[in-house]
Amino acid sequence: MAQRDYILRLIEEMGAVLIALRNAILRGGAPPGEVESTLRRATSAAGMELELARVVAVDALANMVAPTGEVEPARCWVLAEALMTDGVNRLQRGQPELARSSLAKAAVLFKLVAPLGAQLTGFPEAEERIAEIEEWLEAAESDENQRGL
């Protein structure tokens with residue numbers, strides 16, 4: 001029980017770090033190396049490697065986070081936050097296609113935890129995150145259209 005509480009606190013802390021990082025990205029004050037290292041730590045805490053999370057198909061990602069059909073809400077949440085942050089970072093760096101991929105994966109993960117009523121303490125609900133992601137996906141599409149991609 002103590003180990004589970006420790007892991008949950010660690011995951012909640014990582015979620016807070018990701019939100020702070022995303023805010024720094026949006027303000028333009030996040031060094032690229034810091035972004036990558038933080039994203040790697042977060043996905044590792046969620047039990048996955050960042051590169052794998054980036055390249056795996058959306059459907060496969062859902063199966064990877066819930067191989068037995070049961071979602072571990074806190075880990076799924078942190079992985080979703082990491083992918084959302086990755087998507088926002090990639091959008092800010094002018095990589096709308098890569099941004100869309102990460103954002104779409106984050107939305108899938110938040111949709112997995114939404115029916116569970118899962119939420120990290122002090123964080124928005126999954127439905128709020130999904131709405132944010134939809135706005136970012138629209139921004140990514142708009143960015144691609146403006147670039148003529």
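# Close-up views of a predicted model

**View 1. Arg 90 and Asp 86 join their side chains in a salt bridge, 3.2 Å from N to O.** A salt bridge here is a side-chain nitrogen of Lys or Arg within 4 Å of a carboxyl oxygen of Asp or Glu. This is a predicted model, in which local features need pLDDT of at least 70, side-chain atom pairs count only at pLDDT 80 or more, and totals for chains, interfaces and linings use all residues. Residues are numbered from 1 along each chain as its sequence is written, and side-chain values use heavy atoms, with hydrogens and water left out. Arg 90 and Asp 86 are 4 residues apart in helix 5, so about one helical turn separates them. Helices (H or I, at least four residues) are DSSP runs, numbered from the N terminus. Arg 90 is buried, at a relative accessible area of 11%. Asp 86 is buried too, at 1%. Buried means under 20% relative accessible area, exposed over 50%, and partly exposed in between (1.4 Å probe, protein chains only).

**View 2. Arg 22 and Glu 81 form a salt bridge, with N to O at 2.9 Å.** Arg 22 belongs to helix 1 (residues 2-27) and Glu 81 to helix 5 (residues 73-92), so the pair ties together parts 59 residues apart in sequence. Both Arg 22 and Glu 81 are buried. By the salt-bridge rule, the model has 9 salt bridges.

**View 3. Glu 132 meets Arg 129 in a salt bridge of 2.7 Å, N to O.** Both residues sit in helix 7 (residues 126-147). They are 3 residues apart, about one turn of the helix. Glu 132 is partly exposed, with a relative accessible area of 26%. Arg 129 counts as buried, at 4% relative accessibility. Elsewhere, salt bridges that share partners join Glu 36, Arg 40, Glu 51, Arg 54, Asp 86 and Arg 90 into one network.

**View 4. The model holds 1 aromatic pair.** Trp 77 and Phe 110 have ring centres 4.9 Å apart and planes at 80°, so the pair is edge-to-face. Rings of Phe, Tyr and Trp (its six-membered ring) pair if their centres lie within 6.5 Å; planes under 30 degrees apart count as stacked, over 60 as edge-to-face and the rest as tilted. The pair links distant parts of the chain. Trp 77 lies in helix 5 and Phe 110 in helix 6 (residues 96-113), 33 residues apart. Trp 77 counts as buried, at 1% relative accessibility. Phe 110 is buried as well, at 0%.

**View 5. Helix 4 (residues 58-65) has the buried residues Leu 61, Ala 62 and Val 65.** Down the axis of helix 4, these residues fall within an arc of 100°, so they line one face of the helix. The arc is that of the directions from the helix axis to the C-beta atoms. The face turned away from the buried side of helix 4 carries exposed Asp 59 and Asn 63. Helix 5 and helix 6 are among the elements that cover the buried residues of helix 4.

**View 6. Thr 43 is placed in helix 2 (residues 32-45).** Thr 43 is buried, with a relative accessible area of 1%. Not counting residues up to four places away in sequence, Thr 43 touches Met 48, Glu 49, Leu 50, Leu 79 and Ala 82. Contact means heavy atoms within 4.5 Å.

Technical notes: Helices (H or I, at least four residues) and strands (E, at least two) are DSSP runs, numbered from the N terminus.
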